[in-house]
Amino acid sequence: MPSLRRTDPPAGDAAAPAPRKRFTRQLYFWVLVAIALGIAVGILFPAQASQMKWLADLFIKLVKVVIAPTIFCTVVVGIAGLGNLAKAGGLALRTVTYFIATTLIALAIGLVTINVLRPGVGLGMSFDEDAAADTISEATSTEADGISGFILHLVPESFFGAFVDGQLIQVLVVAILVACALTMLGKRAEGAIRGLTTIQDVMFGVIKIVMYAAPIGAFGGMAYTVGEYGGQILSSLAYFMLSFYATCVLFIVGFLGLVARVAGFSLLKFIRLIRDELLIVLGTSSSESVLPRMMTKLEAAGTKKSVVGLTIPTGYSFNLDGTAIYMTMGAIFIAQATGVEVGVWTQVGLLLFMLLSSKGAAGVSGAGLVTLAASLAAFDSVIPLAGIALIVGIDRFMSEARALTNLIGNGVGTLVIARWTGDLDRERLAHVLDNPNSINMDELMRVDGGAEAAPQGDGEAAGAAADTADPAGDDSEADTSGDKKAAPSAAG
């Protein structure tokens with residue numbers, strides 16, 4: 001059997017304690033420090049802090065540079081590794097079905113809580129139509145023309161158009177087509193798959209380098225938010241903000257907690273596992289900033305590569321739970337604040353329309369606010385579209401909650417779908433959730449360790465991703481090497 005890395009204990013010693021990094025060497029520590037400093041600078045020097053958004057934007061742009069090729073390679077290698085188009089189609093159908101169901105529930109929860117809490121009733125607020133002009137213009141330019149427009153948006157203008165425009169949903173479509181073609185080629189496609197795996201390794205190496213700048217991005221994003229909008233917290237819109245935060249918590253703890261429990265794992269332990277990613281998202285207000293890290297971590301936690309490769313990218317386009325909650329709550333809040341009564345059936349129609357429009361917003365910058373405006377445009381005769389100006393000022397504070405909810409929802413969804421399809425190593429997941437330090441992201445995102453990784457059978461391929469530090473192992477090889485398994489370890 002090929003040798004394991006020096007971090008792996010002998011087989012059968014899976015209970016060995018994982019070596020722990022010092023607290024000051026953990027990524028989450030420096031992100032926390034950066035967030036605290038950002039808040040302090042925003043309070044003490046608001047004028048200067050309001051000019052620091054470029055730090056967060058720079059970090060996000062650096063990550064986005066590699067997201068499209070990483071998604072493409074991961075999806076192609078993952079689906080091709082299944083070796084069966086029928087199985088890939090079944091996985092895709094279950095993924096989309098689950099995401100549509102959870103989005104519908106998120107929309108419904110947002111609609112119910114905004115009607116129960118009624119934060120906009122009695123405000124009698126007026127709005128400046130000019131303040132919403134930019135958002136309305138952007139929404140108009142990105143609004144899909146019904147179902148046909150949404151379907152047409154799935155296909156890029158050219159093969160490389162999706163990569164140039166950064167449209168993840170289009171990258172996903174192209175990747176699925178290429179993966180199907182490679183699967184039909186059989187053994188002749190092995191060289192192409194190895195090449196894509198190597199490219200993926202390079203992308204992970206770039207991501208590892210970029211992550212050193214995560215605290216800087218978190219600092220800039222938080223300083224800008226507090227410096228630019230800090231005073232808004234004390235305004236009459238604070239109740240609406242708190243209502244939205246409470247609804248997100250209700251959705252995560254209540255609904256996702258129940259889903260996780262049915263799937264056989266603890267939501268709280270899962271949140272602890274992805275604490276680094278959550279803090280980065282909190283500082284940057286962008287769940288895309290940790291997309292590659294989430295894929296790597298979920299695979300290392302016991303999810304088969306093919307499931308992660310298809311589910312996470314699809315989730316970033318089809319499972320924006322936080323955005324869904326924001327859309328229904330924002331629309332009804334505007335109606336309440338302007339004294340407009342919206343009937344029950346109109347609200348149901350709005351919910352169903354948003355179920356579609358929330359999917360069409362994938363890849364749109366500031367998707368929450370823009371998609372809300374695009375949805376209101378279809379109901380402008382009932383809810384004034386220009387009322388979007390009422391929440392433009394606090395949208396930045398809402399974006400953190402949206403991004404965090406989106407991230408947790410996609411992570412839970414990936415594990416649930418893996419369990420549903422029988423592609424989840426439940427023992428490995430339980431071990432990782434109990435011992436989160438058993439996943440060493442520095443090792444996992446190395447680009448020089450693929451040759452040393454032992455081939456793994458189906459049941460342990462995900463565990464080996466953490467223990468052998470090979471996040472891009474080929475599932476097609478794993479399926480034929482069940483006699484060369486290595487025991488999952490607690491190596492960190």
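Student: What share of the 492 residues of the protein chain counts as buried?
Tutor: 58% of them count as buried. Keep in mind that this is a predicted model.

Student: How many helices and how many strands does the chain have?
Tutor: It has 24 helices and zero strands.

Student: And what is the average pLDDT of the chain?
Tutor: The average is 76, and 74% of the residues score at least 70.

Student: Where is confidence lowest, and where is it highest?
Tutor: The lowest is helix H24, residues 475–478, with a mean of 36. The highest is helix H12, residues 267–273, at 94.

Student: Over which residues does pLDDT stay under 50?
Tutor: One such stretch is residues 1–18, which has 39 contacts beyond four places in sequence in the model. Another is residues 448–492, where the pLDDT is below 50 and the model has 115 contacts beyond near neighbours in sequence. Where pLDDT is low, the predicted coordinates should not be read in detail.

Student: OK, new topic. What does UniProt say about transmembrane regions?
Tutor: Its unreviewed entry places that feature at several stretches, including residues 168–185 and 332–356.

Student: How much helix is there over residues 168–185?
Tutor: That stretch is 100% helix and 0% strand. Its end C-alpha atoms are 26 Å apart.

Student: And over residues 332–356?
Tutor: There the chain is 76% helix and 0% strand, with end C-alpha atoms 18 Å apart.

Student: Which residues does Gln 347 touch?
Tutor: Beyond four places in sequence, Gln 347 touches Leu 111, Asn 115, Ile 332 and Val 342. Gln 347 sits in helix H17, residues 344–360.

Student: Is Gln 347 buried or exposed?
Tutor: Buried, with a relative accessible area of 8%. The cut-off for buried is under 20%.

Student: Let's look at H3. How far does it reach?
Tutor: H3 covers residues 53–82, which is 30 residues. From first C-alpha to last it reaches 43 Å, close to the 44 Å expected at 1.5 Å a residue.

Student: Where is the kink in H3?
Tutor: At Ile 67, shortly before the proline Pro 69. The kink is about 30 degrees.

Student: Why is H3 called largely enclosed by the rest of the structure?
Tutor: Because 21 of its 30 residues are buried.

Student: On to the core. Which residues touch the most other members of the largest nonpolar core?
Tutor: Phe 265, Phe 270, Ile 391 and Val 412, out of 136 residues. H3 supplies the largest share of this core, with 16 residues.

Student: What is Val 412 in contact with?
Tutor: Its contacts beyond four places in sequence are Tyr 98, Leu 256, Val 259, Phe 265, Leu 267 and Phe 270.

Student: Last stop, Thr 405. How far is it from Ser 287 in space?
Tutor: They are 9.1 Å apart, C-alpha to C-alpha, and 118 residues apart in sequence. Thr 405 lies in helix H20, residues 395–421. Ser 287 is in the loop between helix H13 and helix H14.

Student: Which residues does Thr 405 touch?
Tutor: Beyond four places in sequence, Cys 248, Phe 251, Ile 252, Asp 321 and Gly 322. Thr 405 is buried, at a relative accessible area of 1%.

Student: And Ser 287, buried or exposed?
Tutor: Ser 287 counts as buried, at 11% relative accessibility. Among its contacts beyond four places in sequence are Ala 403, Asn 406 and Leu 407.

Note on methods. Residues are numbered from 1 along each chain as its sequence is written. This is a predicted model: local features need pLDDT of at least 70, side-chain atom pairs count only at pLDDT 80 or more; totals for chains, interfaces and linings use all residues. Side-chain values use heavy atoms; hydrogens and water are left out. Helices (H or I, at least four residues) and strands (E, at least two) are DSSP runs, numbered from the N terminus. The expected span of a helix is 1.5 Å times one less than its number of residues. The bend at a residue is the angle between axes fitted to the seven residues ending there and the seven starting there. Buried means under 20% relative accessible area, exposed over 50%, partly exposed in between (1.4 Å probe, protein chains only). pLDDT is the predictor's confidence in each residue, from 0 to 100. Contact means heavy atoms within 4.5 Å. A nonpolar core is a set of buried Ala, Val, Leu, Ile, Met, Phe, Trp, Tyr and Cys residues joined through side-chain atoms within 4.5 Å. UniProt positions are given in the numbering used here, feature names are shortened, and annotations may be inferred rather than shown by experiment.
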